Amino acid sequence: MHVAAVSRNATYSFSKPNRESITLVAGLGVDGDVHMGETVKHRSRVARDPNQPNLRQVHLMHSELHAELADAGYTVGPGDLGENITTSGIDLLDLPTGTLLHLGANAVVRVTGLRNPCVQIDRFQKGVLPAVLDRDENGDVVRKAGIMSVVVTGGEVRPGDEIRVELPAQPHERLEPV
């Protein structure tokens, strides 16, 4: 399990350029990223209540989703869907709420929930939105566009860094959209 790519953008745009490294800041998010802060920074959430806590400081997405989308005919790479950290070899969507992800030497994020994909994904590339949504055997919506987290311990994160998973105490809570 490792970091495949890191991305950030200082301006509001859907995709985030890849970087050689990003710096996570405890309680705030990705240094230099437009979504950094203690309170919400996503425009739709700010419009509803700008004082909500920012549970979406760091967006992680599994590179395996990019491969799945490529198999379906889409061209999507690291950072294209707005994620800050692209992972490899870890099933992000199966992690419980509260999981700690140790990234590289020092950084630690706490998983807060699922990314709730929106219409911007289809504006990026037509047809990708339904491709990142699925249904389980009960007919419930499965959101595949990654997970959200908050920074517990700051540090630098680079492609190639190891990811170590620390599960929370039982009982585990299933990820819900945040």
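Predicted model: local features only at pLDDT ≥ 70, side-chain atom pairs only at ≥ 80, totals over all residues.
In soluble globular proteins, nonpolar side chains tend to be buried together. The largest nonpolar core of the model comprises 22 residues, of which Leu24, Ile85, Leu101, Leu103, Ile147 and Val157 touch the most other members. Two or more residues each come from β1 (2-7), β3 (22-25), β5 (58-62), β7 (100-103), β8 (107-114) and β11 (147-153). The most is given by β8, with four residues. Beyond four places in sequence, the contacts of Leu101 include Leu60, Ile90, Leu92 and Leu95, as well as Ala107, Val108, Val109 and Val111. Leu101 also touches Ile147, Ile163, Arg164 and Val165.

The largest pocket holds about 520 Å³ of space. Its lining consists of 21 residues, and His35, His42, Arg56, Cys118 and Gln120 lie closest to the pocket centre. Helix α1 (residues 43-48) gives the most to this lining, with four residues. By class, five lining residues are nonpolar, nine polar and seven charged.

The second largest pocket has about 310 Å³ of space. Of its 14 lining residues, Leu93, Asp94, Leu114, Arg174 and Leu175 are the closest to the centre. Strand β10 (residues 141-143) gives the most to the lining here, with three residues. This lining has eight nonpolar and six charged residues but no polar ones.

Most peptide bonds are trans. The bond from Gln170 to Pro171, however, is cis, with omega near -5°. Pro171 is located in the segment after β13 (163-166).

Notes. Residues numbered from 1 in each chain as written. Heavy atoms only, no water. Core = buried A, V, L, I, M, F, W, Y, C linked by side-chain atoms within 4.5 Å. Buried < 20%, exposed > 50% of the residue type's maximum accessible area, 1.4 Å probe, protein only. Contact = heavy atoms within 4.5 Å. 1 Å grid on protein atoms, 1.4 Å probe; cavity = no way out; pocket = protein on both sides within 12 Å on 5 of 7 lines; lining within 4 Å. Points joined across faces, edges and corners; volume = space filled by probe spheres on them. Nonpolar A, V, L, I, M, F, W, Y, C, P; charged D, E, K, R; others polar.
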